[in-house]
Each structure stands twice: as structure tokens, then as C-alpha cells.
Amino acid sequence: MSDMQDYVTYKFCPQCGGGLEKRLIKPGEPQRLVCTACGFIFYLDPKLSVIAVIPMDGGVVMVRRAIDPGYGLWVVPGGFVDMGEVVEAAVVRETREETFLTVRPLRLLNIYSYPDRPTIIAAYVTEYVSGELGAGDETLEARVFKLREIPWPQIAFSSTQGALREYISRYGK
């Protein structure tokens, strides 16, 4: 897709219910959805997601997804940041939901974004605080992989691969 507007098809204005059409507002910017009745400009903004690299027992924690996209594939714990939620709090919440572990975010590892994709991913290096590793309701399995055993071909997302490769290059032995 060459246009982020194609990701989501909105037909009606959230302000007045009028019809939306694509218009060029400023040269050099993408077309925007504009209400034909009230002139409201409907900006489609990116969604923020977080992922947690959790060193544990000489490896890293990974979960096998029980939801799409990527059902059955491996990722590091993570998910979307809620409106008004502090990013680091989302790392802790998503990790607990998917693994039953409590972690403390230590540092931002990197930010990942991709052309024509609506999600920006903030990857954090975390430290284990408490809890027993298990699979949450969106997770088929949770386990620790030694760095040499990471199932690279079965990883669902580029951001997980990027974060793990960066973690290994900086902190792996």
C-alpha cells in the first residue's frame, strides 16, 4: 500500500455524520479525509505499541501468539498503549497479561516503524521483578529461549526480530 489512508476506510464524519472524501490539503502531504458537509479534517494517526525484551535464566522470554495476526508464531511480550497510559506502564501491563511476570522497564532499546504500516513499536529492555512464567489468555505458550535457540523462522513480526537482534548485539554474550 502506498497510502496510509487505504489502511482504514472511513465513510462518515465523526463530527456531523457527513460523507468523507480524500482531498489534498497541503502540497507534499498525503491526501486527507475531509467531510463534505462541515469541512472537518479526519487525520489518521499512527498507533503506539510496546514490546518487552525480558532477560531471564540466561535467555529471553518469548510467547507464542493465540491471536491473529501471527497466530501460533513467537514474539516477545507486548501490545498497544492505551489512550492516557504511560508507555512504561503499558510495557508492565502487557507483560503481565501475556506472561504473568512483573517487570521493570530499564531502558528504551529502539523505536521501530515501517513504511505504510499504522503501528510504531517502542522496544524496552526490562528486568524481571516477580511472578511465575505462564501463558496469558492471548498466549498459547510462554517460555525462555537461550539466545542461540531463538526460533527466528517462527517469529511473527519484524519488530520482534529487530529488537532481539539489537538486544543480542548490545548485551548478548
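Figure 1. The expected span of a helix is 1.5 Å times one less than its number of residues. Helices here (DSSP runs of H or I, at least four residues) and strands (DSSP runs of E, at least two) are numbered from the N terminus. This is a predicted model, where local features need pLDDT of at least 70, side-chain atom pairs count only at pLDDT 80 or more, and totals for chains, interfaces and linings use all residues. Residues are numbered from 1 along each chain as its sequence is written, and side-chain values use heavy atoms, with hydrogens and water left out. With 13 residues, α1 should span 18 Å, and its end C-alpha atoms do sit 18 Å apart, which agrees. Its buried residues (under 20% relative accessible area, with exposed being over 50% and partly exposed in between, for a 1.4 Å probe and protein chains only) are A90, V91, V92, R93, E94, T95, E98 and T99. Those residues pack against β4, β6, β8, β9, β10 and β11; a contact is heavy atoms within 4.5 Å.

**Figure 2. The whole chain, for orientation.** Two helices and 11 strands make up the list of elements. Reading from the N terminus, they go β-β-β-β-β-β-β-β-α-β-β-β-α. Along the principal axes, the C-alpha atoms fill a box of roughly 60 × 30 × 25 Å. Of the 173 residues, 37% are buried. Take the contacts between residues at least 6 apart in sequence, and 58% of them join residues at least 24 apart.

**Figure 3. Helix α2 and its buried side.** This helix covers residues 158-171, and its 14 residues reach 20 Å from first C-alpha to last, close to the 20 Å expected at 1.5 Å a residue. Buried here are S159, T160, A163, L164, E166 and Y167. They cover an arc of only 165 degrees around the axis, which puts them on the same side of α2; the arc is that of the directions from the helix axis to the C-beta atoms. As a reminder, an α-helix has 3.6 residues a turn, so residues three or four places apart point the same way. The strands that the buried residues of α2 pack against are β4 (47-53), β5 (55-56), β6 (59-65), β7 (74-75), β9 (102-112) and β10 (119-130).

**Figure 4. Zooming in on T160.** T160 belongs to helix α2 and counts as buried, at 1% relative accessibility. Leave aside its neighbours within four places in sequence, and T160 is in contact with I51, M62, V75, V76 and I155.

**Figure 5. The largest pocket.** A pocket is found on a 1 Å grid over the protein atoms alone, as an open set of points with protein on both sides within 12 Å along at least five of seven lines; a cavity is a set where a 1.4 Å probe fits but cannot get out, and lining residues have an atom within 4 Å of a point. The volume of the largest pocket comes to about 570 Å³, counted as the space filled by probe spheres set on the points, with grid points joined across faces, edges and corners. It has 23 lining residues, and the closest to the centre are S49, R65, F80, T119 and F157. Five elements each supply at least two residues of the lining: β4, β8 (78-80), α1 (87-99), β10 and α2. The most comes from β8, with three residues. By type, the lining divides into 12 nonpolar, six polar and five charged residues; nonpolar means Ala, Val, Leu, Ile, Met, Phe, Trp, Tyr, Cys and Pro, charged means Asp, Glu, Lys and Arg, and the others, Gly among them, are polar.

Figure 6. Around the largest cavity sit V63, R65, I67, V75, E98, E138 and T139. That lining divides into three nonpolar, one polar and three charged residues.

**Figure 7. E141 on strand β11.** E141 is found in β11 and counts as partly exposed, at 29% relative accessibility. Not counting residues up to four places away in sequence, E141 touches M62, V63, R64, W74 and A135. E141 and M62 are 79 residues apart along the chain, but their C-alpha atoms are separated by 8.4 Å.

**Figure 8. D82 in its loop.** D82 lies between β8 and α1, and at 43% relative accessibility D82 counts as partly exposed. From D82 to K47 is 35 residues in sequence and 9.5 Å in space, C-alpha to C-alpha.
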